[in-house]
Amino acid sequence: MSILTSTAGSAVLLVIGIALFIFLCYKNVHTGIAAIAASIIVALGTADGVAVTIFETFAGGVGTLVSTMFFLFTAAGLL
């Protein structure tokens with residue numbers, strides 16, 4: 001068991017990821033790029049590894065969000 005995948009290590013990486021996301025958005029970095037950078041930091045604390053976490057968990061979550069909120073995004077685009 002790695003120190004990064006322990007509960008305390010994962011919690012520290014989660015806080016660092018959130019802080020990185022806020023900092024990058026404050027510095028006018030695109031939100032998508034900031035989210036990917038922050039998720040890579042958080043993925044270091046998972047037992048599955050970075051590649052599995054980014055390409056399966058994160059991408060699947062984004063796809064579910066877009067499909068669920070499609071009509072809201074479309075209505076906002078029309079306005």
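Good morning. Helices here are DSSP runs of H or I with at least four residues, strands are runs of E with at least two, and both are numbered from the N terminus. By that definition, the protein has four helices and zero strands. Read from the N terminus on, its elements run α-α-α-α. The radius of gyration of the protein is 15 Å, well over the 12 Å that the globule rule gives for 79 residues, so the protein is more spread out than a compact globule. That radius is taken over C-alpha atoms, and the globule rule is 2.2 Å times the number of residues to the power 0.38.

A word on the source. This is a predicted model, in which local features need pLDDT of at least 70 and side-chain atom pairs count only at pLDDT 80 or more, while totals for chains, interfaces and linings use all residues. Residues are numbered from 1 along each chain as its sequence is written, and side-chain values use heavy atoms, with hydrogens and water left out.

Along its principal axes, the C-alpha trace spans about 50 × 30 × 15 Å. The protein exposes about 5700 Å², of which carbon and sulfur atoms supply 78%; this area comes from the Shrake-Rupley method with a 1.4 Å probe.

Buried residues (under 20% relative accessible area, 1.4 Å probe, protein chains only) make up 15% of the 79 residues.

Let us turn to one residue, S39, which lies in helix α2, residues 31–43. Is S39 buried or exposed? S39 counts as buried because its relative accessibility is 13%. Leaving aside residues up to four places away in sequence, S39 touches I54 and F58, where contact means heavy atoms within 4.5 Å. Thank you.

Terms used:
Buried < 20%, exposed > 50% of the residue type's maximum accessible area, 1.4 Å probe, protein only.
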